[in-house]
Amino acid sequence: MAEKFDPKEHQHTRYNPLKDEWVLVSPHRMKRPWKGQVEKKPTEDTPRHDPKNPLCPRATRAHGDVNPDYARTFVFENDFPALLQAGAPEPSPSEHPLFQSAPAIGSCQVMCFHPWSDITLPLMSLTEIKAVVDKWAEMTSDLGSKFKWVQIFENKGAVMGCSNPHPHCQVWGSNFMPNEPRIKDRTQREYYKTHGTPMLVEYAKMEAEKKERIVVENDTWLAVVPYWAMWPFETMLLPRRHVLRLPDLTDEERNGLADIIKRLCIKYDNLFETSFPYSMGWHGAPTGESLNEDNSHWQLHALYFPPLLRSATVRKFMVGYEMMAQAQRDLTAEQAAERLRNLPDVHYKGTVNE
Ligand code: H2U
């Protein structure tokens, strides 16, 4: 008799309906030895206040602006913005379909989460994290009134290209839809048209029932390792209610979000007993002129893409097959969720800010 398929043992591919992509899952490869590059462990001796760090309260930034003595969150215009507001010359209309360009206008802001450089989200109090959530919502409204897309993203850890240890994220508004949300707009719209229900609302409902990919949950939010996850310990935050954008969250949902961020990031840090690196970001319905359109097909969600694979120093590389063909992973999404779920709820460093 033929052997029965077991997703924990046998190779297969999984479909990511949000990106219209497939991922190759090869759990039988989990046992291979690692002889590749080893990363440096992040330093844990960041001073609480460094007058030379341009993100600290009272510090002077690159072009001479002095930060206020801020006590909670602090937002400033990036001194080296990738996108400038109107004023720069625009490209002329494309003459050939193979050589297209378009005007790019936007605004780049930096948001500090906390006045201390030696603290991270999992070690901040719920009140402090809630202030970050409120500020994210406020910035989405402000930039969203001008721009089609507002991208909030956090690069955490030097391995993810974070240039400064101070807890912060960036918020870029643009007059165009970047590639990732542009694809998600199409896939969610098509799903809604075919099935009459928003893709990720349906997905969250099913994950809440199945439980096997849930890492942490509360009354208003779920944190799951998506069925189609690409990165070994990738997670997605999903509200239980149908919510289009961050500013639409109720106060209860914002408190719930602070709670789930803290609990998820504690698990992440506890996994390899290190300040866990990742890139995270928010995707919700487009803004600007889209604020007046029907965007019922969208569901707000956050993504965490951590690069680590098997220790604080061994990372997953998205190279060769991933660059040339498609993403590949060894550990299944269910195994990753189970490992994270079973970790302690208390940070390995103890509590810092309650
Ligand atoms: P990252 O660590 O995610 O790169 O974010 C830090 C940002 O802070 C970075 O985009 C900006 C950098 O341009 N920055 C300033 O705007 N002014 C400064 O004086 C230093 C850093």
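Predicted model: local features only at pLDDT ≥ 70, side-chain atom pairs only at ≥ 80, totals over all residues.

A residue counts as buried when its relative accessible area is under 20%.

Q: Is Cys265 buried or exposed?
A: The cut-off for buried is a relative accessible area under 20%. Cys265 has a relative accessible area of 2%, so Cys265 is buried.

Q: Why does Cys169 count as buried?
A: Buried residues have a relative accessible area under 20%. Cys169 counts as buried because its relative accessibility is 1%.

Q: Which side chain has an N or O atom 2.7 Å from an oxygen atom of the ligand?
A: Ala62 also has a polar atom 2.7 Å from a ligand oxygen, but that atom is in the backbone. The side chain of Gln170 places an N or O atom 3.0 Å from a ligand oxygen. The side chain with an N or O atom at 2.7 Å is that of Asn78.

Q: What share of the ligand's accessible area does the protein cover?
A: The ligand is surrounded by 14 residues, with Asp79, Ser163 and His168 among the closest. This shell divides into 6 nonpolar, 6 polar and 2 charged residues. On its own the ligand has 470 Å² of accessible area, and the protein's cover amounts to 85%.

How values were computed: Residues numbered from 1 in each chain as written. Heavy atoms only, no water. Buried < 20%, exposed > 50% of the residue type's maximum accessible area, 1.4 Å probe, protein only. Near = heavy atom within 4 Å. Polar contact = N/O pair within 3.5 Å; in protein donor to acceptor, adjacent residues only side chain to side chain. Areas by Shrake-Rupley, 256 points an atom, 1.4 Å probe, with all protein chains shown as cover. Nonpolar A, V, L, I, M, F, W, Y, C, P; charged D, E, K, R; others polar.
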